Amino acid sequence: MEKMKILLVDDKKENLFALQSLLGSEEIEFQKATSGTEALELLLVHDFAVALLDVQMPEMDGFELAELMRGAERTRAVPIIFVTAGAHNRQSTFRGYEKGAVDFLYKPLDPHIVKSKVQVFIELARQRQLLRHQLEETQRALAARDEALATAKEALRTRDEFMTIASHELKTPVTSLKLQLQMSKRRIDPAKNLMPTPAQLTNLIDVSNRQVTRLAELIEDLLDVARIRAGRLEFTPQATTVAEIVEEVTERFADQLDHSENKLTIDVPQGIAVEWDRSRIEQVLVNFVSNSIKYAPGTLIHIAATAERDHAVLSVRDEGPGIPKDRQPKIFERFERATASRSISGLGIGLYIANQIVRGHCGRLRVESEEGKGAKFIAEIPLRPFSTNMISDTKPRSSHDPLP
Ligand SMILES: Nc1ncnc2c1ncn2[C@@H]1O[C@H](COP(=O)(O)OP(=O)(O)OP(=O)(O)O)[C@@H](O)[C@H]1O
Ligand SMILES: [Mg+2]
């Protein structure tokens, strides 16, 4: 229990000690002053349950001190007990009664009366303290509830927005596919022996292929989000090199890079041997590169890798619009996008999945970017995160984050 503070004011030190030993108890902390000025100083620092003021003091007497106390906001409510030599009629010289509790003790002091009077004020202060604590607790609980409510609302809003975007994203390739098929159907007429030309057929197959691939990717990403949420994103490590992974990914992007007029440079040494889930790390790289193509078309994309002691550092840099500083921490979260414009399509889950994969490999993913000056995504991944020789606290885990 918190100690209650009592202020004792008397110009005679022996009186102060006499009072203290009379009242002395475990639950009380005494502050002693031998003058009004000293008492005022103490009043500025401490919160007192009650102040016992000797009335007869040189310079500032007890009543004057009490009037000063009543005049100041901070000390107005401190209950006062005057200790006086017994001139009862002098009570009237103090004019602060209406503002707070006041009581009198007459010398010679009766220990029993002194104790019981002081006890009343201590009890009052305790009640006040209890109420204050309860109030604070209620306020804290209310604030926590408001915060939880706001978080839940925000999560709902993001989810709704995501559903709208996801439906739209899924619909686009389906619509295009439908159109292609309808157009081809019109080119076929058995009655007139009409058939599409080989060139038309090739075009149909190419376009359809692209749309089906896009659909499959979208569905695969959505499934990954579901797997992560369920803690079921699992990794199958295999021996490979960083160069092999980068080569595989850049080959896949050859056509797209041509189309987007991005220039690609690669600085990846041969021979950085790793044991990673190859297709998952490829997926991370695919996310980086496809973002650069999408958000920084026509700029230079630079893929680099280095080996540092027990981990590899893999990065993709572009010279596009970059990402505002305040949005950077958000982009690794589910459904979060930093682009205001809806014209660039995306679900806002690519980097979320990439981050979960890197974390699943005991690694770290971060972004370095300044608005207007390009973006650099950097993954630091242990060379052998799944090896049993690794210390237990860096043990690989399947990705999972708690429900909101
Ligand atoms: N290279 C980049 N340059 C500028 N902004 C970027 C870059 N990469 C990512 N961003 C920003 O980060 C956001 C999150 O990226 P993320 O890949 O997670 O989602 P997305 O590209 O919007 O959608 P998708 O889930 O289809 O990948 C993007 O919406 C974009 O605002
Ligand atoms: Mg993306």
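Around ligand 1 in this predicted model there are 19 residues, and those that come nearest are Tyr295, Asp318, Arg337, Ile349 and Leu351. By class, the shell consists of 8 nonpolar, 7 polar and 4 charged residues. Two helices, H7 and H8 (350–360), each supply at least two residues of this shell. H7 gives the most, with 4 residues.

| Residue | Part of the residue | Distance to an oxygen atom of ligand 1 |
|---|---|---|
| Lys294 | N or O atom in the side chain | 3.1 Å |
| Ala338 | backbone N or O atom | 2.8 Å |
| Leu347 | polar backbone atom | 2.9 Å |

How much of the accessible area of ligand 1 does the protein cover? On its own, ligand 1 has 600 Å² of accessible area, and the protein covers 96% of this.

The next topic is the aromatic rings. The structure holds 7 aromatic pairs. One of them joins Phe104 and Tyr106, whose ring centres are 6.2 Å apart with 10° between the planes. This pair counts as stacked because planes under 30 degrees apart are classed that way. The two partners can also be described by their relative accessibility. Phe104 has 8% and therefore counts as buried, the limit for that class being under 20%. Tyr106 has 26%, so this residue counts as partly exposed.

A second stacked pair is formed by Phe288 and Phe377, with 5.5 Å from centre to centre and 25° between the planes. Where in the chain do Phe288 and Phe377 lie? Phe288 belongs to helix H7 (residues 278–295), while Phe377 belongs to strand E12 (residues 375–382). The pair therefore ties together parts that are 89 residues apart in sequence. Are Phe288 and Phe377 buried or exposed? Phe288 counts as buried because its relative accessibility is 2%. Phe377, at 6%, counts as buried as well.

Methods:
Residues are numbered from 1 along each chain as its sequence is written. Chains are lettered from A and ligands numbered from 1 in the order in which they are written. This is a predicted model: local features need pLDDT of at least 70, side-chain atom pairs count only at pLDDT 80 or more; totals for chains, interfaces and linings use all residues. Side-chain values use heavy atoms; hydrogens and water are left out. Rings of Phe, Tyr and Trp (its six-membered ring) pair if their centres lie within 6.5 Å; planes under 30 degrees apart count as stacked, over 60 as edge-to-face and the rest as tilted. Buried means under 20% relative accessible area, exposed over 50%, partly exposed in between (1.4 Å probe, protein chains only). A residue is near a molecule or strand if one of its heavy atoms lies within 4 Å of it. A polar contact is a pair of N or O atoms within 3.5 Å; within protein, one must be able to donate a hydrogen and the other to accept it, and residues adjacent in sequence count only if both atoms are side-chain atoms. Accessible areas come from the Shrake-Rupley method with a 1.4 Å probe; for residues, only the protein chains shown count as cover. Ala, Val, Leu, Ile, Met, Phe, Trp, Tyr, Cys and Pro count as nonpolar, Asp, Glu, Lys and Arg as charged, and the others, Gly among them, as polar.
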